[in-house]
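Below are some questions and answers about a protein chain. Look at the model first, then work through them.

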Amino acid sequence: LMLLAEAAATIHLFARPHIVSWLLVLLWFVALERWQERNAPRWLPWFFPASALLWVNLHGGWLFGFALFAIYTLASIVESVRAPDAIAAIRAGHRARLMAWTGAASAAATLVNPFGWRLHAHIYGYLSDRYLMNRIAEFRAPDFHGWAQRCFGGILLLTLVALAGRRRSVRISHLLVLLLAAYAGLLSSRNLPVSSMLLVLITGPLLWESVVSLAKRPGAWGW
């Protein structure tokens, strides 16, 4: 899976600032996973505004990080409503509120740049310009005749296999991240590296759990 993701990333593997966004998307994903699975250390909520301040001054890919943050905040809200007991509901609700405040602080941190709010307006105007999106090759949908695109297609197929085998045990946050990554990758070629990374980080454990459950079945290895 790692090799497939790296092969898919070769389509945009250049010495340019966007590779900083790859690292920060990974760090935000790992931090959000840790926050959702257990009580967050005190420094964790401060990590997001601090890294957002750095990110906004390096590359415009910080939008992807905020999409991830919104997904995990929404998942915490859903967990607080659907929790099996009162204690779990209180914990999930507390986490959702703290995430909302952290997200607001991180969004405010993105205003600390040489252009202020005008940077946000520029990014919106750039990404909503259909002329640019339709004519710049890296913003167009991937052409699956290339090997990098085919590797991404293979990752998508493995994701479907993983979901088919473990559909009842997939967390809502993981499902939403998979949908975000698949949509982003199919929308624009430049998203293939980040989308592939997120897909394999979630798909890998699901596939391994399916292999382990198969091995535990009586007579599974009789042949």
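This is a predicted model: local features need pLDDT of at least 70, side-chain atom pairs count only at pLDDT 80 or more; totals for chains, interfaces and linings use all residues.

Q: Does Leu-63 count as buried, partly exposed or exposed, and what is the reason?
A: Leu-63 has its place in helix α4, residues 62-82. Buried means under 20% relative accessible area and exposed means over 50%. Leu-63 has 36% relative accessibility, so the class is partly exposed.

Q: How far apart are the end C-alpha atoms of helix α3, where 18 Å should be spanned?
A: Helix α3 runs over residues 44-56, which is 13 residues. At 1.5 Å a residue, α3 should span 18 Å. The model agrees with this, as the end C-alpha atoms are apart by 19 Å.

Q: What covers the buried residues of α3?
A: The buried residues of α3 include Phe-48 and Trp-55. Their cover is judged by contact, meaning heavy atoms within 4.5 Å. The cover of the buried α3 residues includes α2, α4, α5 and α6.

Q: How are the rings of Trp-28 and Phe-48 arranged?
A: The count of aromatic pairs comes to 11. In the pair of Trp-28 and Phe-48, the ring centres are 5.0 Å apart and the planes are at 90°. Planes over 60 degrees apart count as edge-to-face. The arrangement of Trp-28 and Phe-48 is therefore edge-to-face.

Q: Which helices hold Trp-28 and Phe-48?
A: The two residues are 20 residues apart, and their pair links distant parts of the chain. Both Trp-28 and Phe-48 are buried. Trp-28 is in helix α2 and Phe-48 is in helix α3.

Technical notes
Residues are numbered from 1 along each chain as its sequence is written. Side-chain values use heavy atoms; hydrogens and water are left out. Helices (H or I, at least four residues) and strands (E, at least two) are DSSP runs, numbered from the N terminus. Buried means under 20% relative accessible area, exposed over 50%, partly exposed in between (1.4 Å probe, protein chains only). The expected span of a helix is 1.5 Å times one less than its number of residues. Rings of Phe, Tyr and Trp (its six-membered ring) pair if their centres lie within 6.5 Å; planes under 30 degrees apart count as stacked, over 60 as edge-to-face and the rest as tilted.
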